[in-house]
Amino acid sequence: MSGFRVGFAVGNKGMIQALKNYQTHTNAGMFGAVQDAATFALNHYDDFLEQQNDTFKQRRNTFEAKLAKANLSYIHSKGGIYSWLQTPTGFDSESFEQFLLKEKSILVAPGIPFGENGKDYVRISLALEDKQLEEAAQRLIELKYLYQEKCGLEGYISYD
């Protein structure tokens, strides 16, 4: 169900009714069968979710270890399915996104749409096969010469 978003709200009956009224006036709801499938999945697939968490953690650790070994600056991701790579000197997130696509055939998301703090980062999805991530890491490592001007910013930044 990639691309679908599911959420829920908890509150007293009056608040939930107000939320329902607001929601019906601001956007269309998800198709009912998809809501039912999501409800079933959320209630019956804890083991699968744990397995998925382990898969993404392993992908993140492997990918970030390759970045660290090459002294490419990134933000250590504590969760989620993305890694954040800092842009080299002379690039913002949008120009580096275009550079990576044109020069290395790597598709990333520029960080600026995610807020002001994202202007010097690109977001890399970990929702790929391990072999594809390994190839992407190798292509990024080939660009380490671009990072040599970023004095003092080697390795990762962790927001623990």
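1. Helix 3 passes helix 5 in a right-handed crossing; a crossing is right-handed if the near helix is turned clockwise from the far one by less than a right angle. The model is predicted: local features need pLDDT of at least 70 and side-chain atom pairs 80 or more, while totals for chains, interfaces and linings use all residues. Residues are numbered from 1 along each chain as its sequence is written, and side-chain values use heavy atoms, without hydrogens and water.

2. The axes of helix 3 (residues 46-69) and helix 5 (residues 130-141) come within 9 Å and cross at roughly 15°. Helix 3 is therefore roughly parallel to helix 5 (angles under 35 degrees). Helices are DSSP runs of H or I with at least four residues, and strands are runs of E with at least two.

3. On the helix 3 side, the contact (heavy atoms within 4.5 Å) involves Arg-59, Phe-63, Lys-66 and Leu-67. Residues of helix 5 in the contact include Asp-130, Leu-133 and Glu-134.

4. Arg-59 also lies over the face of Phe-56, at 5.2 Å from the ring centre. The charged end of Arg-123 sits over the ring of Tyr-82, 3.6 Å from its centre. The criterion is CZ of Arg, or NZ of Lys, within 6 Å of the ring centre and within 35 degrees of the ring normal.

5. The whole structure holds 6 aromatic pairs (Phe, Tyr or six-membered Trp rings with centres within 6.5 Å; planes under 30 degrees apart are stacked, over 60 edge-to-face, the rest tilted). Trp-84 and Phe-114 are edge-to-face, because their planes stand at 85°, with centres 5.4 Å apart.

Terms used
Axes are lines fitted to C-alpha atoms, for helices over the stretch in contact, and angles run from 0 to 180 degrees between N-to-C directions. Angles under 35 degrees count as roughly parallel, over 145 as roughly antiparallel, 65 to 115 as roughly perpendicular and the rest as oblique.
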